[in-house]
Amino acid sequence: EHEVEKMFTLKPGRLPPADVKNIIFFVRPKLELMDIITDNVLREDRGRSPQRDFHILFVPRRSLLCEQWLKEQGVLGSFIHREQYSLDLIPFDGDLLSMESESAFKECYLESDQTSLYHAAKGLMTLQALYGTIPQIFGKGDCARHVANMMIRMKREFPGSQNSIFPVFDTLLLLDRNVDLLTPLATQLTYEGLIDEIYGIQNTYVKLPPEKFAPKKQGEGGKDLPTEPKKLQLNSAEELYAEIRDKNFNAVGSVLSKKAKIISAAFEERHHAKTVGEIKQFVSQLPHMQAARSSLANHTSIAELIKDITTSEDFFDNLTVEQEFMSGIDTDKVNNYIEDCIAQKHPLIKILRLVCLQSVCNSGLKQKVLDHYKREILQTYGYEHILTLNNLEKAGLLKPQTGGRNNYPTIRKTLRLWMDDVNEQNPNDISYVYSGYAPLSVRLAQLLARPGWRSIEEVLKMLPGPHFEERQQLPTGLQKKRQQGENRVTLVFFLGGVTYAEIAALRFLSQMEDGGTEYIIATTKLINGTTWIKSLMEKLEPAPF
Amino acid sequence: MSRVRADEEEYWHSSKFRAFTFDDEDDELSQLKESKRAVNSLRDIVDDDDDDLERVSWSGEPVGSISWSIKETVSGSTGSLDGRDSSLQKGSSSYAALPKQASSYSLSSLFKGRNKLSSFQSLSDALTDTGVKSYAPELRRPKAEYKDYSSDWSPKDTVRRMQRGKVCSLERFRSLQDKLVLLDEAVAGHDGNVITAVLIFLKRTLRREILFRELEVRQVALCHLIHFLRETGEQKFLLDLLRTHCFFPLSLQLSQYREHLNIQDVEKRREFLKGCIGLPFSAEDTSHIQDHYTLLERQIIIEANDRHLEMAGQSELFRKYPRKASILNMPLVTTLFYSCFYHYTEAEGMFSSPTNLKKTFKIPDKQYVLTALAARAKLRAWGDVDALLTTKNWLGYTKKKAPIGFHRVVEILQRNNAPVQVLQEYVRLVEDVETRLNLATKYKCHDVVIETYRDLKDRIQLTAYKSKVERGSAEEEKIHSILSNMVRNAYS
């Protein structure tokens, strides 16, 4: 449409040849990317004709630091246009928006850099320009407070932004990730959550080992088994995926086998087609059936891959320890399983997830226990990890218990975070997403809708940061007159990241018949425990230059 | 809307005014470059930023020229209106400042990134820019009229404008007081881009001591500055900052410690770590960093020694099991493994001996046994394994003891393909009967299984187990004799 010849991914070295006049770099403002671009530009063949023109577009904003960098490398002048593309919130699904800024949590809590909050506020302003002013804002946490303040100020500074769009959202709920540090540390047990935990979903795509997806057709032989990882897109456009993504993994198998029966029955129908009309009808359904069949085949393969892992002994041991911690068992002493894992040099991130989980579930570890873990980790994985441990401590994930009080049991009981009788097949509570543990963040959202936060004042005070409520005046003409039985719509914004399991829990609440509230989710980044901890770790490889 | 409009006016007025004062070259220049780009952006072919005198020929360009309209189409949005304003103004009035460009402007050019007009897709920008349209013609009023407006532009407005990506001159803030207000406003705005811009301005215009002193009470700004210095690699400034302020949060000392990761040369790295020990860390961290230094020191000695040994080719051990990688910069436990592998028998006085490492770093028993066991098992030195797990009490009796539990011992040995005779000895020592049976069955230690069933007096299991052993073997014989013994005992 716009006559774009080719799209390239950014990598160092010479730019691939293309017979074009203009080259546009579309980048996040990060210094390491600037180095790649510099390399690209410097290696450009000066003698070629026509000479190519370079442009650079920063997403979501231009950064003077980056431009300064480019200038120091002597290439700033090569760019004819330097602009910004203010893409704050990127839609990921019908009910999910993400800023995809993976360092947001680290910046806010470790570096006191709240630029990402500024972007979040801007994104919310844009959202309000499109979908109407949100009359009620609730929030919990320091960052939430900042964002709400910025929104209110932005509104005041641009009186013209008062728009006349009928509001789509009734409520905005801003939640700091550090209000609920526990949830991302636990292993997600929904289908989508497990895919993310094991293979990592990136921008709705997942890469899977190819063996299970080998074509089963005759004649193609075993000689060219695919070696490239299989890449699949995962979103609600795929009917089957939409149905199973948010289920507990233990409930996925039965759905898949039911689907298989339905599809084969549908294919069988062709034998009953007698008249030309019936045959025609059958043929017209074929494409849909084919799609359903291939989708079923894919997900059966994925489920098999995951099953191999979830049935392994180590997965089970790990989960047992997690569940013990979350239900409050033995959180105050050195855990044998963690020690064993360190001795066997399991991946460091796994260790850190468990130790942090224990710390969070005990409102901090006893100094002796903490020192023991630290020492073991440093001696086994290298002293330089002291930097990472320090980051975790700063973020509140790993800390000594202060005042000798453990608040977690009170929080757990009041918010009913641990449910012993969990129904994985036909859930009646959000705790199904972690097979027993109900994500704290989502519980807060649920209690806000009914009966309101006033009932849990005490617990809210135990969680970090202020909680607050703001109202934005609407012109009288736009105030909603609610129909009987009409659902309220709440936008939940997770500042610092959200997991797939939390999303699943919110979707579950949306679908509850007597829930009365529908949820739309926005976040700075889709995370899981591993990617989250990784974002907090110091990069230990020396810089390449 | 009127408020925004007032801002806009003030802005242009003030910049116009300033164009005739000549007192701030840096900023002037950045603005000039700014407008120039706006007008001439498509032909901005510059290879060296310092030859600005060449580039200023733009200023006479008539408004509405071809290049201007190109720019218009390229930005393709209301945003370009702003560009027009700037070109209008510059075109009419401000090239008087042009001959003054000899000064360096490397810092001011920092700001031009921000200053540049950008695309206006965000809501706020779009809103302000519709406002510009209505009064654009007024801009050409004589500049003298506006002189007195220029100072009205408050720090708050400045910050707000910068957030929107507009041109801003910070040089106007001369007094320390003003600068600090500006900084506080920027911090209150939470926009890292603006905070950094203000900090760069302060860094340039304030004496270090004053800057450091003020940042002490402004932790957020301090973090931004540190982040900025780290990103741009201004190590010296950063270290000065850290040194002059020992009372900064402890994590800042760590940020110096972090620097060792960038040092490739081991000797230099060691020296650097030595320097770190003196920094005021928490007691806990100091001991870890001290250990880190000692470890690297050891590794350097061991490495030099062993490389020599390996090259000479006289040591059988190194010939048989050539080293896969250098031991430098490896974690402590890896180093211990290495020393248990290559230097197990050395006297405690040697730096490379495992016992010496254990003492120096206070390695817990558990960790030590585990590592030594893995290393010796890998070499299939079963005698050493036995010795490692044997303790003598003061009467001279020996006893087998494993701080890690014998089931773990068995696991490690099995992983290293220990023969059944060796394995069975330790399986026998596993305390928990259930685990012992499991392990014995798994690793086919028949004797242990049989004895355990015998002790449990479990005839049924024992009979069943007969099918697992080879026919006519000693084990089958043993089962038979036990079974018949059991029967006899039952009747006697």
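## Close-up views of chains A and B

**View 1. His288(B) and its contacts in chain A.** His288(B) touches Arg375(A), Leu378(A), Tyr383(A) and Ile386(A), leaving aside residues up to four places away in sequence. The model is predicted. His288(B) belongs to helix H16 of chain B, residues 283-312. Is His288(B) buried or exposed? His288(B) is buried: its relative accessible area is 2%, and the cut-off for buried is under 20%.

**View 2. The open sheet of chain A.** Three strands of chain A form an open sheet in the order S1-S2-S3. The pairing is parallel. Strand S1 (22-27) and S3 of chain A stand at the edges. Each has a single partner strand, so one side of each lacks a neighbour in the sheet. From one strand to the next, the twist averages 15 degrees. Helix H1 of chain A, residues 31-42, packs on this sheet. H1 touches S1, S2 and S3 of chain A. The direction of H1 makes about 165 degrees with that of S1(A).

**View 3. Strands S2 and S3 of chain A, paired.** Strands of a sheet pair through backbone hydrogen bonds, either parallel or antiparallel. How many bridges join strand S2 (residues 53-58) of chain A to S3(A)? Five bridges do, and the two strands run parallel. Phe54(A) has Phe79(A) of S3(A) as its bridge partner. His55(A) is partnered by His81(A), also in S3(A). Strand S3 of chain A spans residues 79-84 and is mostly covered. Six of its six residues are buried.

**View 4. Helix H5 of chain A.** Helix H5 of chain A covers residues 142-157, 16 residues in total.

**View 5. Domains of chain A.** The domain assignment gives domain 1 (22-84), domain 2 (90-183 + 439-532), domain 3 (191-214 + 228-311) and domain 4 (314-406). Domain 3 and domain 4 of chain A have C-alpha centres 38 Å apart.

**View 6. Domains of chain B.** Chain B is divided into domain 1 (155-246), domain 2 (248-363), domain 3 (379-444) and domain 4 (445-491). The centres of domain 2 and domain 4 of chain B, taken over C-alpha atoms, are separated by 53 Å.

Notes: Residues numbered from 1 in each chain as written. Chains lettered and ligands numbered in written order. Predicted model: local features only at pLDDT ≥ 70, side-chain atom pairs only at ≥ 80, totals over all residues. Heavy atoms only, no water. Helix = DSSP H or I, 4+ residues; strand = E, 2+ residues; numbered from the N terminus. Expected span 1.5 Å × (residues − 1). Domains from an automatic or database assignment. Buried < 20%, exposed > 50% of the residue type's maximum accessible area, 1.4 Å probe, protein only. Pairing = 2+ DSSP bridges. Axes fitted to C-alpha atoms, helices over the stretch in contact; angles between N-to-C directions. Contact = heavy atoms within 4.5 Å.
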